[in-house]
Amino acid sequence: MFAGKVAIVTGASRGIGRAIAVDLSKNGADVALLGRDGAALEETVAACVAVRAGVRAIPYVVDAADEKATSEAVARVAKELGRVDIAVANAGQSVDGLILRFKSGDLDRLIDANLKSAFYLAAAVTRPMVKQRSGAIVFVSSIVGVAGNPGQSAYSATKAALLGLTKSLAKEIGSRNVRVNAVAPGLIETAMTAEMPEAARAHYLQGIALGRPGTPDDVAGVVSFLCSDAARYVTGQTIVVDGGFLM
């Protein structure tokens, strides 16, 4: 499906990011893995190699919220792997808290991790994609960015911002055959959701039509679809991956 193509995945150290990188690798892409934890990135490399012999999976220790570092990493990927066809902005953090008690420093962290990191990646990959007149960008948002949630106003705001970025950028570069979409995962079994209070987890589970939490692979499959030729006429869209929680 992605033979000869090169994908960049931020937040590729673990969880959803690792699953996306592995799925893209399995389907033929070479992958550039961006993240802050070098040892964890090496584990992602091993997972990619395990699903497809001969895959080029290269780790880049980068803070995706650093504009200069991200731009330089994308330039290195284009030089070392030859091109950039797919970019998945998955890097992110969650800090919960009621707005009356929320700290400005935590808000800044979320804006950096969830919004700026995605914007900087998109800005860096747009040039090579527009030049080659093809490409696919996917932003990993959240159902909290679609519907909101008490105690997550700051997190929701940064994830909702990605949906506006998706639509605007899709209109901006669609004429150059570059597609931009988003996925909005619900309750997915990751290290981040493992820290959820049990009451909040039970609330989510009761509302999921499929009766179970999702897995990182559930999200990865949708991302791969959006990056593939099967979605060649899909752009500016947000695909909710939540087992039927929001309906």
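Let's start with a definition: angles under 35 degrees count as roughly parallel, over 145 as roughly antiparallel, 65 to 115 as roughly perpendicular and the rest as oblique. This is a predicted model, where local features need pLDDT of at least 70, side-chain atom pairs count only at pLDDT 80 or more, and totals for chains, interfaces and linings use all residues. Residues are numbered from 1 along each chain as its sequence is written, and side-chain values use heavy atoms, with hydrogens and water left out.

Two more terms. Helices (H or I, at least four residues) are DSSP runs, numbered from the N terminus. Axes are lines fitted to C-alpha atoms over the stretch in contact, and angles run from 0 to 180 degrees between N-to-C directions.

Take helix 4 (residues 104-132) and helix 6 (residues 153-173). They pack at an angle of about 15°, with axes 9 Å apart. Helix 4 and helix 6 are therefore roughly parallel to each other. Their crossing is right-handed (the near helix is turned clockwise from the far one by less than a right angle). Contact means heavy atoms within 4.5 Å. On helix 4, the contact residues include Leu107, Leu110 and Phe119; on helix 6, they include Tyr155, Leu162 and Ile173. By class, this contact has 15 nonpolar, 3 polar and 1 charged residues. Here Ala, Val, Leu, Ile, Met, Phe, Trp, Tyr, Cys and Pro count as nonpolar, Asp, Glu, Lys and Arg as charged, and the others, Gly among them, as polar.

Now helix 1. How does helix 1 pack with helix 2 (residues 38-51)? The angle is about 30°, and the axes are 8 Å apart. That makes helix 1 roughly parallel to helix 2. The crossing of helix 1 and helix 2 is right-handed. Among the residues in contact are Arg18 and Val22 of helix 1, and Glu43 and Cys48 of helix 2. The classes are 6 nonpolar, 2 polar and 3 charged.

Helix 1 also packs with helix 9 (residues 216-227), at about 50° and with axes 8 Å apart. Helix 1 and helix 9 are therefore oblique to each other. Their crossing is right-handed.

Definitions and conventions. Helix = DSSP H or I, 4+ residues; strand = E, 2+ residues; numbered from the N terminus.
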